[in-house]
Amino acid sequence: FLSKDTTIFKKEIDILSRLDGIILLALFVLFMLYSFTFGSKGKQEQSEKIQENKSYSLLFSSVIIIASLLALIWGGDFMVDNATLIAKNLGISDIVIASTIVAIGTSAPELATTIIAATKQNTGIALGNVVGSNIINIFLILGGSAVITPLNLSNITPINYIILIVSALLLYVFAKFIGKGNFSRIEGIILLIVYAIYIYTLLL
């Protein structure tokens, strides 16, 4: 809605303005307040389980998390820079690079974290990591970037918006109505097929 200036507000180009960025940042704050309020309700129920699984000190765990984040940042930056260089040498457009190689590169840490969490049966971390990161990318990253410098969205094609909305709806339908809280392999395969169609459309 905020990005469709040409359609809704009859402007010449689609721009995510500073006002749009402020709105997104406000939504991010509301999301964080809701998350912490909702999460605090189950804090007491989870405390015993967390205590049972605790095997490292708070200091050691904090150091490991910080070191892991630094390694992920370095690895993601290294991957994106070199993959982008290869793609440009092959003559691929910037929007395709951003939607595929750069997106995959920046999502690689999330993929690794989610897979590890899933193999350890920590489904809350696995799903929360994916859903939360996408919400933060839209509200915080785009919002903060727009506040600093308005973003020209003219190069974002309708297929990007369509797939974004479709993937979110599929995730909600699978979790809420079909799987009843469980995310099956078949549903995961369906999402992978949708993503493959999206990549194929971009390359075309």
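Author: A residue counts as buried under 20% relative accessible area, as exposed over 50%, and as partly exposed in between (1.4 Å probe, protein chains only). The model is predicted: local features need pLDDT of at least 70 and side-chain atom pairs count only at pLDDT 80 or more, while totals for chains, interfaces and linings use all residues. Residues are numbered from 1 along each chain as its sequence is written, and side-chain values use heavy atoms, with hydrogens and water left out.

Reader: Is Leu111 buried or exposed?

Author: Leu111 lies in helix α5. Because its relative accessibility is 53%, Leu111 counts as exposed.

Reader: What is the C-alpha to C-alpha distance in space between Leu111 and Asn129?

Author: In sequence, Leu111 and Asn129 are separated by 18 residues. Between their C-alpha atoms, the distance in space is 9.2 Å.

Reader: In what order do the elements of the protein chain run?

Author: Helices (H or I, at least four residues) and strands (E, at least two) are DSSP runs numbered from the N terminus. The protein chain holds eight helices and two strands. From the N terminus on, the order is α-β-α-α-α-α-α-β-α-α.

Reader: Which handedness has the crossing of α4 and α5?

Author: Helix α4 (residues 58-89) packs with helix α5 (residues 94-119) at an angle of about 155°, their axes being 9 Å apart; α4 is therefore roughly antiparallel to α5. In their contact, which includes Leu72, Gly76 and Met79 of α4 and Ile97, Ile101 and Val102 of α5, there are 11 nonpolar, four polar and two charged residues. A crossing is left-handed if the near helix is turned anticlockwise from the far one by less than a right angle, and right-handed if clockwise. The crossing of α4 and α5 is right-handed.

Reader: How are α5 and α8 oriented to each other?

Author: Helix α8 covers residues 185-203 and packs with α5 at an angle of about 140°, with axes 9 Å apart. The crossing of α5 with α8 is left-handed, and the contact joins Val96, Ser99, Thr100 and Ile104 of α5 to Tyr195, Tyr198, Ile199, Leu202 and Leu203 of α8. Angles under 35 degrees count as roughly parallel, over 145 as roughly antiparallel, 65 to 115 as roughly perpendicular and the rest as oblique. The two helices α5 and α8 are therefore oblique.

Reader: At what angle do α7 and α8 pack?

Author: The axes of helix α7 (residues 158-178) and α8 are 11 Å apart. The contact includes Ile163, Leu170 and Phe174 of α7 and Ile190, Leu191 and Val194 of α8, and its residues divide into 10 nonpolar, two polar and one charged. The angle between α7 and α8 is about 175°.

Reader: Which residues does Gly21 contact, leaving aside its neighbours within four places in sequence?

Author: Gly21 belongs to helix α2 (residues 18-41), and with 0% relative accessibility it counts as buried. Ser145, 124 residues away in sequence, is 7.3 Å from Gly21, C-alpha to C-alpha. Contact means heavy atoms within 4.5 Å. On that basis, with those neighbours left aside, Gly21 contacts Gly143, Ala146 and Val147.

Reader: What share of the accessible surface of the protein chain belongs to carbon and sulfur atoms?

Author: Of the 204 residues in the protein chain, 19% are buried. The accessible surface comes to about 14,900 Å². Of this surface, the share of carbon and sulfur atoms is 71%.

Definitions and conventions:
Axes fitted to C-alpha atoms, helices over the stretch in contact; angles between N-to-C directions. Nonpolar A, V, L, I, M, F, W, Y, C, P; charged D, E, K, R; others polar. Areas by Shrake-Rupley, 256 points an atom, 1.4 Å probe, with all protein chains shown as cover.
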